[in-house]
Amino acid sequence: MDCFQYKNGVLHAEDVNLVDIAQQYGTPCYVYSRTAIEQQWHLFNNALANYPHLICYAVKANSSLAILNVLAQLGAGFDIVSGGELERVLQAGGQANKIVFSGVGKTVAEIRRALEVGIFCFNVESEAELLRINEIAGQIGKRAPISLRVNPDVDAQTHPYISTGMKQNKFGIDITLAPQVYAMAAQLPHIDITGVDCHIGSQLTTITPFIDAAQRVMQLVEGLKQQGITLKHIDFGGGLGVQYNAETPPSVADYAQALQSVVGNSPYQLVFEPGRVIVANAGVLVTKVEYLKQTPDKHFAIIDAAMNDLIRPALYSAWQAVSPIAPHQQGTLQTYDIVGPICETGDFLAKDRELILQAGDLLAIRSAGAYGFAMSSNYNTRPRVAEIMVYGRESRIIRQREMLADLWALESVWAY
Ligand SMILES: Cc1ncc(COP(=O)(O)O)c(C=O)c1O
Ligand SMILES: N[C@@H](CCCC[NH3+])C(=O)O
């Protein structure tokens, strides 16, 4: 079920009218549908029902405590990439023993804390990191569960900035070198080898790169067995794409089926790290048109949200749908660039959209639940916006709009 639908000519989040949301909480604001998140979770979980599995939601996609809490209650594990994300997950009620820790730059303090709370596994991205984890585990009298994140050199056919599984990327350990790094790990006194991991990129819309990578990982796993190294789990990362526009990403069921068939009847626990597919289409950014502006060349709709609130269009030329919340029944269709008030030409949320608009209209930027608020900033001294969660007929504020004083609370002037 699509949780964002028009009812009586007004866009709703579940049963809540988005005009009412804008009045109650102000604009801009992010609005998330709790039901949509739950639906996506169940879709993913059910698709893996026949296999022992652990779904570790990728916290970076949307790390709001309320969203982490919804997923924790559903039994999710979490994929984290920083000490900050670790504390967020614990704060939101997530279980430490369902956390995988990815990322190329884990610090001493982050590793120590993860060992102390007892995470499921470190996804190790280099030999140097492996040695560091071994040393810290030794110092505090623990054994560290690890998997190597391997780089299978597969083209994920996505935007180059979010492709991670090619030789020239900084991520993972070259898969051809992995057998020798596993051999080294097996000799380290404070390391427990538990699995293997691979994440080749984000917003993948075809299944072939996933299958290519999985086949390479399975070859490695077979080779390791001959070396006397038996794994317990295989982590296929995240990356499944969603529909923003005309993409036709594989369904969750087809994706899960394809990967399970590569693994066959092997006795491994399968781990996944989905982010976007769980939350992207569960959120919208609600914004108001401040002005309409016409130049000899163009029509602009200047809105109260900007690239600091949602950077994906500026950063990746990403396309996200723009829906009028209470569309006009009549008026003139114009082709608008939807732009923010920030002093950058790259400050656009959408380009060339055919809309009937007036100043004061409310718009919903769709598919904004993933990598939206999480990537927002205070550029141009703009307070980060409020976040609202909707469930059925109810809405709650899950993050207050920042106040200006918050923005300089940590600063001081140097009176000289
Ligand atoms: C290691 C890792 N796991 C999981 C994800 C989640 O990816 P996605 O949101 O595309 O599912 C990412 C981001 O691409 C990542 O870097
Ligand atoms: N931030 C990216 C996804 C990056 C995934 C991080 N590994 C996006 O908005 O599409």
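Q: Is T381 buried or exposed?
A: T381 is exposed, because 9 other C-beta atoms lie within 10 Å; on this scale a residue is buried if 20 or more other C-beta atoms lie within 10 Å of its own, exposed if 12 or fewer, and partly exposed in between, with C-beta atoms placed from the backbone. This is a predicted model, in which local features need pLDDT of at least 70 and side-chain atom pairs count only at pLDDT 80 or more, while totals for chains, interfaces and linings use all residues. Residues are numbered from 1 along each chain as its sequence is written, and chains are lettered from A and ligands numbered from 1 in the order in which they are written.

Q: Where does T381 lie, and what is its phi?
A: T381 lies in the loop between β19 (362-365) and β20 (386-391), where helices (H or I, at least four residues) and strands (E, at least two) are DSSP runs numbered from the N terminus. The phi of T381 is positive, about 50°, although T381 is not a glycine. Most residues other than glycine have a negative phi, and most peptide bonds are trans.

Q: What about S317, where is that and what is its phi?
A: S317 sits in the loop between α11 (312-316) and β16 (322-324), and its phi is near 50°, a positive value in a residue other than glycine. S317 counts as exposed because 11 other C-beta atoms lie within 10 Å.

Q: Which peptide bond is cis?
A: The bond from T27 to P28 is cis, with omega near -10°, and P28 is found in the loop between α1 (18-25) and β4 (29-33).

Q: Switching to ligands, what surrounds ligand 2?
A: Ligand 2 is surrounded by K60, I162, S202, Q203, R312 and Y371, a residue being near a molecule or strand if its C-beta atom, placed from the backbone, lies within 6 Å of it. By class, this shell around ligand 2 divides into two nonpolar, two polar and two charged residues; here Ala, Val, Leu, Ile, Met, Phe, Trp, Tyr, Cys and Pro count as nonpolar, Asp, Glu, Lys and Arg as charged, and the others, Gly among them, as polar.

Q: And which residues come nearest to ligand 1?
A: Of the 16 residues around ligand 1, those that come nearest are A58, S202, G238, G275 and R276, and the shell around ligand 1 has five nonpolar, eight polar and three charged residues.

Q: Which residue does the UniProt "active site" annotation cover, and where is it found?
A: The UniProt annotation, from an unreviewed entry, covers C343; UniProt positions are given in the numbering used here, feature names are shortened, and annotations may be inferred rather than shown by experiment. C343 is found in the loop between β17 (334-339) and β18 (348-355), and C343 counts as exposed because it has 9 C-beta neighbours inside 10 Å.

Q: How do α2 and α9 cross?
A: The axes of α2 (residues 34-47) and α9 (residues 252-263) come within 9 Å and cross at roughly 30°, where axes are lines fitted to C-alpha atoms, for helices over the stretch in contact, and angles run from 0 to 180 degrees between N-to-C directions. That makes α2 roughly parallel to α9, since angles under 35 degrees count as roughly parallel, over 145 as roughly antiparallel, 65 to 115 as roughly perpendicular and the rest as oblique.

Q: At what angle do α8 and α9 pack?
A: Helix α8 (residues 208-226) packs with α9 at an angle of about 25°, their axes being 9 Å apart, which makes α8 roughly parallel to α9.
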